[in-house]
2 protein chains.
Amino acid sequence: MDSNSLALPDARDGLRYAIRAISLENISSLAKNGLGDPNIIPLWFGEGDRPAPAFIGEAMMRAVRAGEVFYTHQNGIPQLRAALSDYQTALGLRAIGPERITVTASGMNAMAMTVQMIAQAGDNIIVVDPVWPNLGGAAKVVGAQVRSVRMDLAADGWTLDLDKLTSAIDDRTRAVFFASPGNPTGAMIPMENQIAMLTLCRARGVWLIADEVYNRLVFGMDHGPTILDHADEEDRLVVMNSFSKSWAMTGWRLGWMVHPPSLGPTAAMMTQYQTSGVATFIQHAGVAAIREGEPFVASMRAYCEQGMAIVCEALEGYGRVRLGARPKAGMYAFFTVDGMRDSRAACLDILNRSRVGLAPGSFFGPGSDGFLRLCTCRSPDVLREAMTRLEEVLR
Amino acid sequence: MDSNSLALPDARDGLRYAIRAISLENISSLAKNGLGDPNIIPLWFGEGDRPAPAFIGEAMMRAVRAGEVFYTHQNGIPQLRAALSDYQTALGLRAIGPERITVTASGMNAMAMTVQMIAQAGDNIIVVDPVWPNLGGAAKVVGAQVRSVRMDLAADGWTLDLDKLTSAIDDRTRAVFFASPGNPTGAMIPMENQIAMLTLCRARGVWLIADEVYNRLVFGMDHGPTILDHADEEDRLVVMNSFSKSWAMTGWRLGWMVHPPSLGPTAAMMTQYQTSGVATFIQHAGVAAIREGEPFVASMRAYCEQGMAIVCEALEGYGRVRLGARPKAGMYAFFTVDGMRDSRAACLDILNRSRVGLAPGSFFGPGSDGFLRLCTCRSPDVLREAMTRLEEVLR
C-alpha cells in the first residue's frame with residue numbers, strides 16, 4: 001500500500017514506494033528481444049499487420065502543410081470533438097454532445113487521466129477480468145489497490161457474477177472497470193448486466209469506466225451496444241475509446257473519452273498537466289478516420305473475423321488446447337493448454353521453439369495463468385503459417 | 001491538502017478533493033475567447049509564429065509511408081534516443097548515454113511522469129519562481145504541496161537566494177524545480193548556484209528537476225551551460241527538455257528527459273501506463289530535428305533576440321513600464337506596470353482595448369501579480385504593430 005511509504009525512508013532510489021512496487025512485467029518486456037525480428041510472427045500485441053489507410057496519413061500531412069502545428073484546445077480540436085459527437089450519437093440511442101468528448105493521447109491516456117481524477121492511495125478500483133491490465137497499472141501508479149472480480153468461463157463463454165462484483169465494493173471503492181467486447185476474452189457483457197453495474201455504481205456513488213475499444217469489431221454487426229444508451233449524462237460514467245484497433249492506428253496515439261458534461265473543464269485541466277494535448281495534425285487524421293473511415297472499419301471487422309476463423313479452426317484441432325466457445329468479437333483467441341501452468345514460461349518456450357509470439361494469460365489478471373492470448377488480426381497466410389508452427393508445440 | 005479527502009465525502013461530483021481544488025486558471029482559459037481570432041496579436045503563449053521547417057514534416061511523412069505506424073519502445077525509438085544522446089553529449093562536458101534518455105509526449109509529460117514517480121499526497125515540491133506553472137500543476141494533481149521560493153529582482157536581473165531555498169526544504173520535500181534560462185524571466189541561474197542546489201539536494205536526498213527548454217535560445221551563445229556537466233549519473237537529477245521552442249515544434253508534442261540510468265525501466269513503466277509512448281513517426285521527425293536542425297535553431301535564436309530588442313526598446317520608452325535588465329535568453333519580456341495590481345484584469349483590459357494578448361504575472365507564482373509576460377517570438381512587423389497598440393495603454 002502506498003500509504004506505507006510515509007513510514008519508509010527512500011534510501012535506495014528516491015522513488016515512491018508504490019512506484020517501485022509496480023511490476024514492469026508486460027508484453028513489451030516479454031517481447032523486447034523479439035521486437036522487430038522478422039523471423040518471429042508477432043501475435044502477442046493487440047495490433048494487426050495493416051497500417052491505417054493512406055487517406056488518414058494524407059489528412060495528417062494536409063494539416064501539417066496548412067500550419068496546424070501550434071498549441072491548441074485541451075479537450076481536443078472542435079472539428080474532432082464534433083466528429084466524435086456525431087459518431088457516438090449515430091452509434092447509440094442518445095445524443096452525445098461535443099462537450100462530453102475529450103480527445104486523449106491514446107485510450108491508455110484516457111484511462112490514466114480518469115484514474116488520476118478519481119482515485120488516490122487508500123482507494124480501490126474494481127477490475128472485471130480477464131482484461132487488458134493497463135487500467136490496473138494506472139491505478140497502481142496513483143497508489144490505489146486493484147481488486148479483481150473475475151468472470152467465469154462457462155460452456156457458452158465468459159459470464160459476470162454480479163453478486164461477486166457487489167460484494168467487492170466497499171467504502172473506498174472509487175470505480176468499477178470493465179471492457180465489452182473484452183480483451184483478451186472477446187466476450188460481450190450482456191447489456192442487462194452492464195445496466196446492473198451502472199445501477200450498482202449509482203447506488204454506491206462509484207464511477208463506472210467502460211472500455212468500448214473493440215465495439216466496432218463485433219462479428220456480423222456494425223457495432224455492439226453501448227452503456228451510454230442507458231445512462232444519464234451526469235452519471236459517473238466514463239466510456240473510453242481509441243483509434244488503435246478499428247482504424248488500425250495503434251502507433252498514432254489517439255483516443256477519446258465520453259464523460260459527463262461537468263467533467264469537461266477538469267479533463268482539460270488534467271490534459272494541461274499531463275500532455276498539454278494531442279498534436280493538432282494527428283487530430284485532423286482522426287477527423288478523417290471518423291468521417292471517411294467506415295469502409296475501412298468494416299474491412300477490419302472482416303479481417304479480424306476471417307483471422308479468428310482460421311485460428312479457432314486450427315486450435316480446435318490441437319488435442320491439448322481448450323478454446324471454449326469461439327469469440328464473437330475482437331481480435332483475440334484466449335485459450336488454455338492442458339498441462340501448462342506457467343503461461344509466461346510457456347510463451348518463452350513457444351517463442352524459442354516455434355518463433356511465434358503469444359501473450360501469457362498471467363498478464364490479464366489473477367486466475368488466468370493457464371491461458372494464452374493470440375492476436376488474430378493478421379493476414380490469412382501469416383496466420384496459417386503461425387498455426388502450422390504452433391501445432392508442433394500445442395497439439 | 002489531499003489527505004483531507006479521506007474525511008470528505010465526495011457528494012458533489014465524485015472527484016478527488018485535490019483535483020477539485022486545482023484552479024483551471026491559465027493562459028488557455030484567459031485566451032479561450034480570443035483563440036484563433038485574427039484581430040488579436042497573440043503574445044500570451046510561449047509560442048512563435050513560425051512553423052517547424054519543412055524538412056521535419058517531410059521526415060515524419062517518410063516515416064508514415066515507411067510503415068512506422070505501430071506500437072514501439074516505451075523509452076523512445078533507438079534512433080531518437082541515440083540522436084538525443086549525441087546531442088546532449090555534444091552540448092555538455094560529460095557523455096550522456098542513450099540509457100539516460102526517455103522520449104516523452106512533451107516537456108510537460110516529462111514533468112508529469114517525474115512528479116508521479118517521486119511525489120504523492122503529503123509531500124512537497126519546491127518551485128523556484130517566477131516560473132512556468134505547469135510543474136506545480138502536476139504536483140497538485142498528485143496531491144503534493146507546491147512551495148514557492150521566489151527569486152529576487154535586482155538592478156542586474158533575477159537572483160536566487162540559496163538560504164531561502166535551504167530553509168524551505170523539510171523532511172517531506174521530494175524535489176526542487178528550477179528553469180534556466182527561465183520562463184518568464186529569461187534569467188540564467190549562475191552555474192555556481194545550480195551546483196549549490198545540486199549539492200543541497202544530494203545532502204537532503206531530494207530530487208533536482210531542471211528545465212532546460214530554453215537553453216538553445218541564449219543570445220550570443222550556441223547554448224547555455226547545463227547542470228548535467230556537474231552531476232554524477234546516479235544523482236537524483238532529471239533534466240527535462242522539449243522540441244517546442246528551439247525547433248518551433250509546439251504543436252508536435254515531443255519532449256525528452258535525461259535521468260539516472262537506473263530510472264530507465266521505471267520511466268518505461270510510467271510511459272506504459274500514461275500514454276504508452278509517442279507516435280513513432282513523430283519521433284522520426286525528432287530525429288530529423290536533432291540531426292539536421294542546427295541551422296534552424298540558430299535562426300530561432302536570432303529571431304527571438306531580434307524580437308526581444310524591438311519589444312524592449314519600445315517598453316523602455318513607456319513611462320509606466322519597469323522592465324529592468326533586458327533578458328539575455330528565451331522569448332519573453334516580463335515587466336511591471338506602475339499602478340497595475342491585478343495582472344489578470346489588466347490582461348483582459350489590454351486585450352479589449354488593444355487586441356494584444358499578454359499573459360498575467362499571477363500565473364507564474366505568488367508575488368508576480370504586478371507583472372505581465374509578452375512573447376517576443378514573432379516577426380518584427382507584428383511586434384512593431386503590437387508595441388504601437390500597447391503604447392496607448394502602457395505609456
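Predicted model: local features only at pLDDT ≥ 70, side-chain atom pairs only at ≥ 80, totals over all residues.
Axes here are lines fitted to C-alpha atoms, for helices over the stretch in contact, and angles run from 0 to 180 degrees between N-to-C directions.

- Four strands of chain A make up an open sheet, ordered β11-β12-β15-β14, with antiparallel pairing.
- At the edges sit β11 (321-322) and β14 (359-360) of chain A, each of which pairs on one side only.
- Five bridges link strand β12 (residues 332-337) of chain A with strand β15 (residues 371-375) of chain A, in the antiparallel sense.

**A seven-stranded sheet in chain B**
- In chain B, seven strands form an open sheet with mixed pairing, and their order is β2-β10-β9-β8-β7-β3-β4.
- Its edge strands are β2 (101-104) and β4 (145-150) of chain B, each pairing on one side only.
- From one strand to the next, the twist averages 20°.
- Strand β3 (residues 124-129) of chain B runs parallel to β4(B), and six bridges join the two.
- Within that pairing, B:Ile126 has B:Arg147 in β4(B) as its bridge partner.

**Where the chains meet**
- The size of an interface is often given as the accessible area lost when the parts come together.
- Here chain A and chain B bury about 6000 Å² between them, and 58% of this is on carbon and sulfur atoms.
- A:Phe70, A:Tyr71 and A:Tyr273 supply 14% of the area that chain A buries against chain B, more than any other three residues.
- Each side of the contact can be counted too: 74 residues come from chain A and 74 residues from chain B.
- Zero salt bridges are counted between chain A and chain B, while 23 residue pairs across the contact are in polar contact, both residues being at pLDDT 80 or more.
- On the side of chain A that touches chain B, the elements giving two or more residues are α3 (54-65), α5 (107-118), α6 (134-141), α9 (264-272) and α10 (280-292) of chain A.
- The most comes from α5(A), with six residues.
- Sorted by class, this side of chain A has 34 nonpolar, 26 polar and 14 charged residues.

**Salt bridges**
- Side chains of opposite charge can pair when their charged atoms come close.
- Over all chains, the structure holds 32 salt bridges.
- One of them joins A:Asp86 to A:Arg291, whose closest N and O atoms are 2.8 Å apart.
- A:Asp86 belongs to helix α4 (residues 78-91) of chain A and A:Arg291 to helix α10 of chain A, so this pair ties together parts that are 205 residues apart in sequence.

**Backbone details worth a look**
- The peptide bond from A:Asn183 to A:Pro184 is cis, with omega near 20°, and A:Pro184 lies in the loop between β7 (173-179) and α8 (191-204) of chain A.
- In chain B, the peptide bond from B:Asn183 to B:Pro184 is cis, with omega near 20°; B:Pro184 is in the loop between β7 (173-179) and α8 (191-204) of chain B.
- A:Ala248, a residue other than glycine, has a positive phi, near 55°, and is found in the loop between β9 (237-242) and β10 (255-258) of chain A.

Note on methods
Residues numbered from 1 in each chain as written. Chains lettered and ligands numbered in written order. Heavy atoms only, no water. Contact = heavy atoms within 4.5 Å. Buried area = accessible area lost by both parts, 1.4 Å probe. Salt bridge = Lys/Arg side-chain N within 4 Å of Asp/Glu carboxyl O. Polar contact = N/O pair within 3.5 Å; in protein donor to acceptor, adjacent residues only side chain to side chain. Nonpolar A, V, L, I, M, F, W, Y, C, P; charged D, E, K, R; others polar. Pairing = 2+ DSSP bridges.
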